Amino acid sequence: MTDTKTRQRPAAVNLTPAAEARVADLMARAPEGAIGVKLSTPRRGCSGLAYSVDYVSEEAGFDEKIETPGGTFYIDGASVLYLVGSTMDWVEDDFTAGFVFANPNAKGACGCGESFMV
């Protein structure tokens with residue numbers, strides 16, 4: 001009889017400590033019924049795909065689920081292929097605050113940084 005070993009696979013997206021802290025902050029103020037925060041890549045912008053982070057109230061079958069210290073982070077199942085190997089960070093300065101993505105799959109982006117292409 002052969003022993004089968006299940007290997008833990010790495011998450012599709014790596015969250016920096018700052019991104020994990022922001023997820024925790026969002027979940028601390030989440031609307032009733034929210035079970036986590038979800039990243040997706042809807043078709044939008046001049047380059048084709050955009051990053052979208054929203055509250056989610058139910059799990060979808062093919063979503064990737066990442067447990068963080070501050071709450072559950074989901075990745076839309078249809079978006080995983082565009083995001084594999086990416087790093088998600090939360091950056092704040094005097095003028096802006098937002099999630100920033102280092103995505104090795106992006107072949108280009110629009111000038112304003114709102115969208116990317118693969």
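Arg22 is placed over the face of Trp90, at 4.3 Å from the ring centre; a charge is taken to sit over a ring if NZ of Lys or CZ of Arg is within 6 Å of the ring centre and within 35 degrees of the ring normal. The model is predicted, and local features therefore need pLDDT of at least 70, side-chain atom pairs count only at pLDDT 80 or more, and totals for chains, interfaces and linings use all residues. Residues are numbered from 1 along each chain as its sequence is written, and side-chain values use heavy atoms, with hydrogens and water left out.

The protein has two helices and nine strands, where helices (H or I, at least four residues) and strands (E, at least two) are DSSP runs numbered from the N terminus. From the N terminus on, these elements follow the order β-α-β-β-β-β-α-β-β-β-β. Of the 118 residues in the protein, 36% are buried; buried denotes under 20% relative accessible area, exposed over 50%, and partly exposed the range in between (1.4 Å probe, protein chains only). The accessible surface of the protein amounts to about 7,600 Å², with 52% belonging to carbon and sulfur atoms; accessible areas come from the Shrake-Rupley method with a 1.4 Å probe, and for residues only the protein chains shown count as cover. Among the contacts (heavy atoms within 4.5 Å) with a separation of 6 or more, 50% are accounted for by residues 24 or more positions apart.

Rings of Phe, Tyr and Trp (its six-membered ring) were paired if their centres lie within 6.5 Å, with planes under 30 degrees apart counted as stacked, over 60 as edge-to-face and the rest as tilted. By this rule, two aromatic pairs are present. The ring centres of Tyr51 and Phe101 are 3.9 Å apart and their planes lie at 10°, so this pair is stacked. Because Tyr51 lies in the loop between β2 (36-40) and β3 (52-56) and Phe101 in strand β7 (residues 97-102), the pair ties together parts that are 50 residues apart in sequence. Tyr51 counts as partly exposed, at 22% relative accessibility, whereas Phe101, at 17%, counts as buried. The aromatic pair of Trp90 and Phe99 is edge-to-face, with 4.9 Å from centre to centre and 70° between the planes. Both Trp90 and Phe99 are buried.

In soluble globular proteins, nonpolar side chains tend to be buried together. A nonpolar core is defined here as a set of buried Ala, Val, Leu, Ile, Met, Phe, Trp, Tyr and Cys residues joined through side-chain atoms within 4.5 Å. The largest such core holds 18 residues, of which Val13, Leu39, Phe73, Ile75, Met88 and Phe99 touch the most other members. At least two residues of this core are supplied by each of β1 (13-15), α1 (17-28), β2, β5 (71-75), α2 (80-83), β6 (86-92) and β7. The greatest contribution is that of α1, with four residues.

Beyond residues up to four places away in sequence, Val13 touches Leu39, Ile66, Ile75, Leu83, Ser86 and Met88. Ile75, in strand β5, counts as buried at 0% relative accessibility. With neighbours within four places in sequence left aside, the contacts of Ile75 are Ala12, Val13, Leu39, Asp63, Glu64, Ile66, Val80 and Leu83. Ile75 and Val37 are 38 residues apart in sequence, with a C-alpha to C-alpha distance of 8.6 Å.

Ala19, in helix α1, is buried with a relative accessible area of 0%. Residues up to four places away in sequence not being counted, Ala19 touches Met88, Asp89, Trp90 and Phe99. Ala19 and Val91 are separated by 72 residues in sequence and by 8.3 Å in space, C-alpha to C-alpha.

Six salt bridges are found in the structure, each being a side-chain nitrogen of Lys or Arg within 4 Å of a carboxyl oxygen of Asp or Glu. The side chains of Arg22 and Asp25 form one of them (2.6 Å, N to O). Because Arg22 and Asp25 are three residues apart in helix α1, about one helical turn separates them. Asp25 counts as partly exposed, at 32% relative accessibility, and also meets Arg29 in a salt bridge (2.9 Å, N to O). A further salt bridge joins the side chains of Asp76 and Lys38 (3.9 Å, N to O). This pair links distant parts of the chain, with Asp76 in the loop between β5 and α2 and Lys38 in strand β2, 38 residues apart. Lys38 is buried, its relative accessible area being 16%. Through shared partners, salt bridges join Arg22, Asp25 and Arg29 into one network.
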